[in-house]
Amino acid sequence: SHPERDLHRWAKTEEALSWMPITLKRPRTTKTQYSDYPYLDPTWMIRRHFESGRLEELLLGPEGRSGLIKFWEHGRKSSEWVVKHPAFAYGFRNMDCTIPVRVHGDAAKFCKNGKLLVLSFQSAMVQGCAWDTRLLFSVIVTSLMHKNTLNQLLAGLTHAMNRLFETSRSWDIPYAFAFAGFKGDLEWFWESLHLTQYYRCSLICHRCLASTDSRHGVDYDDVSDTAIWRQTIASNSDFLRMQDTSPLLAMEGFHVSLVLWDWMHNMYCGLGQQIVYSCMTILLDLGMYGTEGDADILLARAHVELIRFFKERGVTQAVPEFRKQMMRAGIFDLKAMNTKHTLFFLASELCLASHLDDASDELKLAAECLWSLTHLIAILDNASQVLRTTEERKATDHGGCFLDTYKRLVMLARQDSSDRWPAPPKFHYIMHQVLDLENMWN
């Protein structure tokens, strides 16, 4: 294609590519070959962005150097990984010029039968579209990958990032860089970190001994302050003893708390879809959108109300028309952002319905649950990279209320043998995210 040709021409002209040896499968054969594979060197890229005058725009964020100081100062008070980070081995004098960097991995479909593994990194100080905030490291077609290929790519990524971190402490650019997290979905963490405890096991969590097997005595869905899983949260040294084979563990400044929970995958592509299903069935059973007509007609009426809800608030949304076929196996099948928008709409609908004289306990609990969840989301969306103390406390309060009411809804559904309000592993991961918020200010 023309874009591909232009990309190769640019890379050749700029001498942008570096090379690392990896093992590849030969297409349409069972044979493998050992060959050099291209990647964009992070140190080279940062220098080029600095020379172009766009480094601050791409990596510093709207608060500039003051944002960097807030980030690291906050970390010194609340996070072990910052206190022990090699970037500050000689003190915290350079906080205003040290940019925290997060590494991202994801395997995405690019055609019907193919996937691309994309490795990239970005500043923790910027938010927005991946096209605007992430710096590419390398891309590979997954069908070409041998069983050793991923480890070889991750070893190359770790070496290149560590070179950036070390070089940046003594170069002529007025900014240094420090590792501040891994990002990706649960499958990426499992594959790249070689996790032995993950969402497909009975021991579902890499951070603690939470289990889906009641015989272990560590219930993953226990939301109480005395939950046993809270007492089994692994320290960094415990985690490193359990997972000792991934090249990513050699990333300078690695800490288990930097394996960052991903709210989008856990909520909007996971539990949130199940919450939408549960809330929608409550409203349909209540007759909120009428009683005449089949499910598609009733859902179409609900969608009309959703459009009106967001139009009145001047919010642009692209939620597709609701159909019965979207409701399957206890989930409402929507894209991540559409799930988010629908949660806010349903919170409003449940709040109205909960004031009816014959409102059930489930309906009232669901309204409280969605109210807390949407307020938590709003706080996190509107905050800067570092939450203020008042924001942290409000977020923790709303998060705790959401978890408590959701657990009560789970118990009600189990008593009634209902397919509403399931408690999947992602519910446990969200508990960890709320607990991390709580630990920031306690």
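Which strand gives the largest share of the lining of the second largest pocket? Strand β5 (residues 134–141) does, with 7 residues; strands (E, at least two residues) and helices (H or I, at least four) are DSSP runs numbered from the N terminus. This is a predicted model, in which local features need pLDDT of at least 70 and side-chain atom pairs count only at pLDDT 80 or more, while totals for chains, interfaces and linings use all residues. Residues are numbered from 1 along each chain as its sequence is written, and side-chain values use heavy atoms, with hydrogens and water left out.

**Nonpolar cores**
- The largest nonpolar core has 72 residues, and I275, F332, F402 and W421 have the most contacts inside it.
- A nonpolar core is a set of buried Ala, Val, Leu, Ile, Met, Phe, Trp, Tyr and Cys residues joined through side-chain atoms within 4.5 Å.
- Helices that each supply at least two residues of this core include α10 (263–286), α14 (389–415) and α15.
- The most comes from α10, with 12 residues.
- Another core, of 64 residues, lies apart from it, and L55, L60, V82 and L154 are among its members.

**Residues F402 and H428**
- Beyond its neighbours within four places in sequence, F402 is in contact (heavy atoms within 4.5 Å) with M267, L271, I275, C369, S372, L373 and I430.
- H428 is found in helix α15 (residues 425–441).
- H428 counts as buried because its relative accessibility is 0%; buried means under 20% relative accessible area, exposed over 50%, and partly exposed in between (1.4 Å probe, protein chains only).
- With neighbours within four places in sequence left aside, H428 is in contact with I204, C205, C208, A210, Y220 and W229.
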